[in-house]
Amino acid sequence: MATYVWNPDATFRITDSVRGDIICIGRTFRRFHSRCAWDIREESPSNAAAVRNLLGVMGANPPTLVTDQQLERLARHCLCSYHQRQISQATSELRGHLAVAVQAYEQYNDVNRRYEALRGALLRLLGLQDGGQSDEELVLQIKCLIVLAGEFAPEAGDVRSLVILAEQFVLEAVDQSDEDLDVLV
Ligand SMILES: [Zn+2]
């Protein structure tokens, strides 16, 4: 399965999607607690650069590795000078967004674990070597076995019969190629 990728910028809603700027995440009481939306880069280019850097560092690892100190630092750099006193409130808001990302990451891990267990069980059951083949190749191998079972052993109702049939097929294929060699010699 593909490597897990998450986007801290989108998770924490740091960059305004329309303007493309990092905007202050402070809440303004005059506008029903909506985002202040002051352009951070305009006020402090160094804060905007620190935010980009921090988001890059966070995105290089799974969301479970983001620390509370990083969240607080992000909040501090993402607040305009007027809203600096909202650090604790903003950090807790970021923590809430992070929890959603962590949950999605854990769900991904669960699916991945189930997938790996199923693939391993299937390979063992069908007597196939795990040669690092892609899912498409594995599916093709399984489909071939199923087609064989359908054509030559329609009564084969379970996977165990499929395995026996596949083993027979492999043995016969080897015998066949030996005979071909005899003819050629
Ligand atoms: Zn602000």
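Helix packing and confidence in a predicted model

Me: In this predicted model, at what angle do α4 and helix α5 (residues 87–125) pack?
Reply: The axes of α4 and α5 lie 9 Å apart. The crossing of the two helices is right-handed. Their angle makes α4 oblique to α5, and its value is about 125 degrees.

Me: Which residues of α5 meet α4, and how does the contact divide by class?
Reply: From α4 come Leu71, Glu72, Leu74, Ala75 and Arg76. On the side of α5 they meet Ile87, Ala90, Thr91, Leu94, Arg95 and Leu98. Divided by class, the residues of this contact are seven nonpolar, one polar and three charged.

Me: Are helix α3 (residues 45–59) and helix α4 (residues 68–77) roughly parallel or roughly antiparallel?
Reply: The axes of α3 and α4 come within 9 Å of each other and cross at roughly 150 degrees. An angle over 145 degrees counts as roughly antiparallel. The two helices are therefore roughly antiparallel.

Me: Is the crossing of α3 and α4 left-handed or right-handed, and which residues of α4 make the contact?
Reply: The crossing is left-handed. On α3 the contact is made by Asn47, Ala50, Val51, Leu54 and Met58. By class, this contact has five nonpolar, three polar and one charged residues. The α4 residues are Gln70, Arg73, Leu74 and His77.

Me: How many helices and strands are in the protein chain, and what pattern do they follow?
Reply: The protein chain has seven helices and two strands. Read along the sequence, the pattern is α-β-β-α-α-α-α-α-α.

Me: Which element of the protein chain has the lowest mean pLDDT?
Reply: The protein chain averages a pLDDT of 83, and 79% of the residues score at least 70. Among the elements, α4 has the highest mean, 98. The lowest mean, 56, belongs to helix α7 (residues 159–184).

Me: How many contacts beyond four places in sequence does the model have for residues 179–185?
Reply: Over residues 179–185, pLDDT stays under 50. Where pLDDT is low, the predicted coordinates should not be read in detail.

Me: What percentage of the residues in the protein chain is buried?
Reply: A residue counts as buried if 20 or more other C-beta atoms lie within 10 Å of its own. Of the 185 residues in the protein chain, the buried ones make up 17%.

Me: Where is Arg13, and what is its phi?
Reply: Arg13 sits in the loop between α1 (8–12) and β1 (27–28). With 15 other C-beta atoms within 10 Å, Arg13 is partly exposed. Most residues other than glycine have a negative phi. The phi of Arg13 is positive, near 55 degrees.

Me: In which loop does Ala37 lie, and what is its phi?
Reply: Ala37 lies between β2 (34–35) and α2 (40–43). Ala37 has 16 other C-beta atoms within 10 Å and is partly exposed. Although Ala37 is not a glycine, its phi is positive, at about 65 degrees.

Key: Residues are numbered from 1 along each chain as its sequence is written. This is a predicted model: local features need pLDDT of at least 70, side-chain atom pairs count only at pLDDT 80 or more; totals for chains, interfaces and linings use all residues. Axes are lines fitted to C-alpha atoms, for helices over the stretch in contact, and angles run from 0 to 180 degrees between N-to-C directions. Helices (H or I, at least four residues) and strands (E, at least two) are DSSP runs, numbered from the N terminus. Angles under 35 degrees count as roughly parallel, over 145 as roughly antiparallel, 65 to 115 as roughly perpendicular and the rest as oblique. A crossing is left-handed if the near helix is turned anticlockwise from the far one by less than a right angle, and right-handed if clockwise. Two residues are in contact if their C-beta atoms, placed from the backbone, lie within 7 Å. Ala, Val, Leu, Ile, Met, Phe, Trp, Tyr, Cys and Pro count as nonpolar, Asp, Glu, Lys and Arg as charged, and the others, Gly among them, as polar. pLDDT is the predictor's confidence in each residue, from 0 to 100. A residue is buried if 20 or more other C-beta atoms lie within 10 Å of its own, exposed if 12 or fewer, and partly exposed in between; C-beta atoms are placed from the backbone.
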